[in-house]
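Colleague: I would like to learn how to read a protein model. Could you take me through the features in turn?

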Amino acid sequence: MKPIGRLVTLLAVALAAACATDDAPRPDFTGVWSGAFTTQKSEYWELEDLTACFPGCTPTARAYYASIIEDPANDAKPVQALWGMATVFMREELAKKSTPEGLAIQTANTEANDPNFRCVPYGLARAAVNPLPIEIRSDGPNLTIVYEEWNQSRTIYMDGRAEPPNLAPTRLGYSVGRYEGDALVVETKAVEANLYYDFQSGGGHSAGATFVERYVIADDPRRLEVTMTVTDPATLLEPHVIHKTWLSTPEIALVEDRCGDVPGKFPTETP
């Protein structure tokens, strides 16, 4: 075969492979997915899911927590004590990869200034791994994630658009998604500076942070798993990774979340 003919053939094969990948059926991410709070009786959950890791954990923190639960030397310790040990581990883990600015945020992040106790809706760092049910909906070519917690929602733009320049930061940021094989990958920028859960690692991020969420669906039982990676030069020396799992619960409908005795929904994010 002449060189030019061989090149044309190779290009045709590559194009065909790309088209086949693009046309391949993808998992259906839509539906209601529930965390351990609302599915406590499921046999899937381990003790770590029902206690320290109910709003997600770093993979290393989850492994550490599982190890101290299984250690016979801790058999006489109450669960709260083990949870406390896990919290210390998570805070130290984040501190080791934090900049001075990140350490200052972690020190100041206590229950006294926690948004949850001031009826302030969560930012993306908490919303994306919150323990209450979420619903993923199709919205034309895009997706919408609705969070029962604080009645918030965010649009995931799947139509190939680029992030607009000079975005003003918002609570949930601006999210652009794509499919990578069977995974849904969402990249979010322009997120207001906010806090992680104080009872876990503490700390927080700046408005310059980038969030990359990678969602996959697993079976037996059917579940949605996300790995959220936070990159933030202002507060982190290396990425901060949190993993979270929800079970498929098509029988559940999201309800209105309330803060104390004050009814009403918080406004959705509209970048």
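Modeller: What follows goes from the whole chain down to single residues, and the model is a predicted one.

Colleague: Where do I start? How many helices and strands does the protein chain have?

Modeller: Start with the secondary structure. The protein chain has six helices and eleven strands. Buried residues make up 45% of its 271 residues. The accessible surface is about 13600 Å², and carbon and sulfur atoms hold 58% of that.

Colleague: What share of the contacts joins residues 24 or more positions apart?

Modeller: Among contacts with a separation of 6 or more, 57% are between residues 24 or more positions apart.

Colleague: Now the strands. How do they pair in general?

Modeller: Strands of a sheet pair through backbone hydrogen bonds, either parallel or antiparallel. In this model, nine strands close into a barrel, in the order β1-β2-β3-β4-β5-β6-β9-β10-β11, with mixed pairing. From one strand to the next, the twist averages 30°.

Colleague: Which strands does β6 pair with?

Modeller: Strand β5, residues 174-180, runs antiparallel to β6 and is joined to it by seven bridges. Within that pair, G177 stands opposite V186. β6 also runs antiparallel to β9, with five bridges joining them. There V186 stands opposite E213.

Colleague: How many residues lie between β5 and β6 in their hairpin?

Modeller: Two residues lie between them, and G181 in the turn has a positive phi of about 65°.

Colleague: Why is β6 described as largely enclosed by the rest of the structure?

Modeller: The reason is a count: five of the seven residues of β6 are buried, so the strand is largely enclosed by the rest of the structure.

Colleague: And what about the pairing of β10 and β11?

Modeller: These two strands are antiparallel and share eight bridges. M228 stands opposite I242 in β11.

Colleague: What does Y215 touch?

Modeller: Setting aside residues up to four places away in sequence, Y215 touches several residues, among them F29, I145, L184, V186, L224 and W246. R154, D182 and E225 are also on its list.

Colleague: What is a disulfide, and where is one found here?

Modeller: A disulfide is a covalent bond between the sulfur atoms of two cysteines. A search of the whole structure finds one. It joins C53 to C57, with 2.0 Å from S to S. The angle about the S-S bond is -90°, and the link is left-handed.

Colleague: Are C53 and C57 buried or exposed?

Modeller: Both C53 and C57 are buried.

Colleague: Where is P55, and what is it in contact with?

Modeller: P55 is in the loop between α2 (47-50) and α3 (59-70). Its relative accessibility is 1%, so it counts as buried. Leaving aside neighbours within four places in sequence, P55 is in contact with V129, P131, Y197, F199, Q200, I242 and K244. P55 and Y197 are 142 residues apart along the chain, while their C-alpha atoms are separated by 8.5 Å.

Colleague: Where are A190 and D220, and is each buried or exposed?

Modeller: A190 is in the loop between β6 and β7 (194-195). With a relative accessible area of 11%, A190 is buried. D220 is in the loop between β9 and β10. At 76% relative accessibility, D220 counts as exposed.

Colleague: Which residues does the cis peptide bond join?

Modeller: The cis peptide bond joins D220 and P221, with omega about 0°. P221 lies in the loop between β9 and β10.

Methods:
Residues numbered from 1 in each chain as written. Predicted model: local features only at pLDDT ≥ 70, side-chain atom pairs only at ≥ 80, totals over all residues. Heavy atoms only, no water. Helix = DSSP H or I, 4+ residues; strand = E, 2+ residues; numbered from the N terminus. Buried < 20%, exposed > 50% of the residue type's maximum accessible area, 1.4 Å probe, protein only. Contact = heavy atoms within 4.5 Å. Areas by Shrake-Rupley, 256 points an atom, 1.4 Å probe, with all protein chains shown as cover. Pairing = 2+ DSSP bridges. Axes fitted to C-alpha atoms, helices over the stretch in contact; angles between N-to-C directions. Disulfide = S-S within 2.5 Å.
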